[in-house]
Amino acid sequence: MLKSWSRWRSSRQISLRSAGRALFLIALVYTGAAAIFTGVLLTKIEREAKFTRETQLPLILSQTRNAVKTERLASLVRAIYLARDRRLERQIQLQIQALAQGFPFDAGERVVSGSKSVATLAKEIAAARQQARDSAGQSTAAFNFEERATAAYSQAIKIIDEMGKELSGDAALAADRLAKEIEAGAASTRNTVLLTLLMPGLFCVVLLLLARRHLAKPVLAAIGNLKRISENRPTLPVQTRPVLAELAMIGDAVLSYGYTASELRRKNVVLQALAEEDPLTGLANRRTLETYLQSALADKDKIGGTAVLLIDVDHFKSINDRYGHQVGDQCLQSLALLLVSLDRLPSSLAARYGGEEFVIVYNADNEEQALLDAAFVCRRIEAMRIPLEGEHSMTMTASIGVSFAPRGDAGGMNELILRADKALYLAKSGGRNRAVADHPVQARGRFSNARGQTAG
Amino acid sequence: MLRRLSIAFALTTLLAVGAGHAETLRIATEGAYPPFNFLDNGELKGFDVDIAKAICAKMSVECSFQAVAWNDIIDGLEANKYDLIVASMAFSKERAARIDFSEPYYRSHSVLVGDEKYQDSSPEALAGARIAVESGTIQAEYLKKAYPKSTILLGEDQPAARKLLIEKKADLLIGDAIELLTFMETPEGSAFSYVGDPISSDFLQSSAHITAHKGNQALLARVNAALKEIKLNGTYDRINDAYFPFSIY
């Protein structure tokens, strides 16, 4: 028992199911115990009531009866003293005797002996009266007998008084004892009933506190963590492990869900980067470029328009053939680095369009400006030194096709790229290492129906 | 209409059956034990009779009374000639073997009465004395056992035993204190008084009971309930005061 307790203490886990069972068992045991206890208590009260009815009440009644008898005795003694008639005196004296003989049934010893003395004194009164009558004429003797009768009478009355006190005292004592017993019984019943009623109340309070600590707290903690996970904040570790196994499991599940979610999010970022970037150069890929270009064309608030520079490395195949693919890749990476570091082109996006083709999309004021920018890029590429193994380095050139769509142009993305591609073709055929613009047929100004060309 | 008639008929039948069931209790008493029970111009009277009537009224039953000689009274009950005996019958084991007893309805004790020259009621003091007693009573049984040196004279009923004392054929008479008190207040009894202390013995400690057939506890339970009620509602005390100067309960 102790061992299992300490084991429980160390693990501090209990399943919701066994907690429910324990609760049910406690309720069952308590109800049973309360029922038995109440039964015992009520039986006890019943027994006490029966005892009172069968023992205490008859006792009090017999005391009352004796008190009435004593009163009767007193009135008979008074009657015999006042009688002054032989026949009447005898009759009363016999009645006193018979009445006195009745006391031993249910009176105390002192009352019985008192009643006996009273009977003897009554006899004495009757005898003295008779002697007084017999000595009629001799006034002294008659007076003496009369004195004796009076003395016996007052003594009898005194004894009866004491009997009365004794009896009323006994009755009062018995009544008092009875009242006290009933009072004590009622008090103990009240306490027991109060206790029986209070216990479940207390139990409920304890249960509520336990529920708050072991049910609500872990649940709230789990909810808090779920919220944190949804807001992409780190989860809080559980301070105290929930005692209820199921809740502990839920808490653990939330934490592991949080870990999974953040892991997933991290992987998503990587995947997104993979989807948007070109793996070799780190530039945006063609898809990203198209999205960007589309949104650039859709922007109706911009000043000027959208320029597209389509850049193609000149004689890339021969670089590959001569220096190997590694150097070829190095060239592409160097070019990419250069393209992203161009800070004179506003809102630009550099992207690898495919193979040795790159694109820059940016906001330009007009086609002339775009053509000037492209020429600038040509010069920068030409000036770039690409280090090779040892002391050697190499240079390269690129041709650039330029197309421009003013704000609100209805041509669309594909047409714009197609135009840039045509311009690039012209740049290539025009001798490479140059920028050529292909403006639309309806374009205005001095470039109308003409191809702008700038040698690098 | 037919339906209503049939209900009326059923009711009438029920009432008739109910009336037919009005219970009549047959009660026996001795009729020779004044003032408890005695014949006055052929009519039974006395404390026992009045108590019996009060109980019958409380139980809401009709009662018929008959006087039966003391020595035959238990036989008659066993022969089912009556349902109850209300005749100041004291409890004794011998009787309890044949009949069942109610709660006591009064208590008394046995005393000796006789000439004033007797002051002591002990068997030694009364050696050689002639003591009259009613036969078939617990006092007669007791005298035979406890007073072997005295002469026991049996009277067939209480008046016969009294007659033995009055006619000086006996020196002393044993009986119930209350009953003898009434006797001593009559002219015939005026020459006698109580002799010594009441005779105290567990054997004689007497309480008077109503008795019924062996096993008729149901009837006795009703009698006991009625007895309790007349004691509580004052009927008992009124009857008591009509016969005795103090309560004999």
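Predicted model: local features only at pLDDT ≥ 70, side-chain atom pairs only at ≥ 80, totals over all residues.
**Stop 1: two long-axis neighbours in chain A**

Begin by selecting helix 2 of chain A, residues 16-83, together with helix 4 of chain A, residues 109-134. Two packed helices are described by the angle between their axes and the distance between the axes. For helix 2 and helix 4 of chain A that angle is about 10°, and the axes lie 10 Å apart. Angles under 35 degrees count as roughly parallel, and helix 2 of chain A and helix 4 of chain A are therefore roughly parallel to each other.

Now show the side chains where these helices touch: on helix 2 of chain A they are A:Leu73, A:Val77, A:Ile80 and A:Tyr81, while helix 4 of chain A contributes A:Ser115, A:Val118, A:Ala122, A:Ile125, A:Ala126 and A:Arg129. If you colour this contact between helix 2 and helix 4 of chain A by residue class, you will find 8 nonpolar, 1 polar and 1 charged residues.

**Stop 2: a salt bridge along helix 5**

Move on to helix 5 of chain A, residues 139-230, and pick out A:Asp176 and A:Lys180, which both lie in this helix, 4 residues apart, or about one turn of the helix. A:Asp176 forms a salt bridge with A:Lys180, and the closest N and O atoms of the pair are 3.3 Å apart. Over all chains, the count comes to 26 salt bridges.

**Stop 3**

Select A:His315 next, in the loop between strand 1 (305-313) and helix 8 of chain A. A:His315 has a positive phi of about 50°, although it is not a glycine.

**Stop 4: between the chains**

Show both chains and look at the place where they touch: 16 residues of chain A are in contact with 23 residues of chain B. Chain A and chain B bury about 1,700 Å² between them, with 56% of it on carbon and sulfur atoms. On the chain A side, select A:Arg90, A:Gln101 and A:Phe105, which lose the most area to chain B and together make up 37% of what that side buries. Between chain A and chain B, the count is 0 salt bridges.

**Stop 5: a three-stranded sheet in chain B**

Strands of a sheet pair through backbone hydrogen bonds, either parallel or antiparallel. In chain B, find the open sheet of 3 strands with the order 2-3-4 and antiparallel pairing; its edge strands are strand 2 and strand 4 of chain B, each of which pairs on one side only.

Strand 2 (residues 32-33) and strand 3 (residues 37-40) of chain B pair over 2 bridges, and B:Asn37 is the bridge partner of B:Tyr33. These two strands of chain B form a hairpin with 3 residues between them. B:Pro35 is found in the loop between strand 2 and strand 3 of chain B, and a cis peptide bond, with omega about 0°, joins B:Pro34 and B:Pro35.

Strand 3 of chain B also pairs with strand 4 (residues 43-45) of chain B, over 3 bridges in the antiparallel sense, and here B:Asp40 stands opposite B:Glu43. This second hairpin, of strand 3 and strand 4 of chain B, has 2 residues between its strands, and B:Asn41 in the turn has a positive phi of about 55°.

**Stop 6: a five-stranded sheet in chain B**

Finish with the open sheet of 5 strands in chain B, whose order is 5-1-6-13-7 and whose pairing is mixed. Its edge strands are strand 5 (62-67) and strand 7 (99-108) of chain B, each pairing on one side only. Neighbouring strands of this sheet are turned by 25° against each other on average, direction ignored. Strand 7 pairs with strand 13 (residues 206-213) of chain B in the antiparallel sense over 7 bridges, and B:Ile99 stands opposite B:His213 there.

Notes: Residues numbered from 1 in each chain as written. Chains lettered and ligands numbered in written order. Heavy atoms only, no water. Pairing = 2+ DSSP bridges. Axes fitted to C-alpha atoms, helices over the stretch in contact; angles between N-to-C directions. Contact = heavy atoms within 4.5 Å. Buried area = accessible area lost by both parts, 1.4 Å probe. Salt bridge = Lys/Arg side-chain N within 4 Å of Asp/Glu carboxyl O. Parallel < 35°, antiparallel > 145°, perpendicular 65-115°, else oblique. Nonpolar A, V, L, I, M, F, W, Y, C, P; charged D, E, K, R; others polar.
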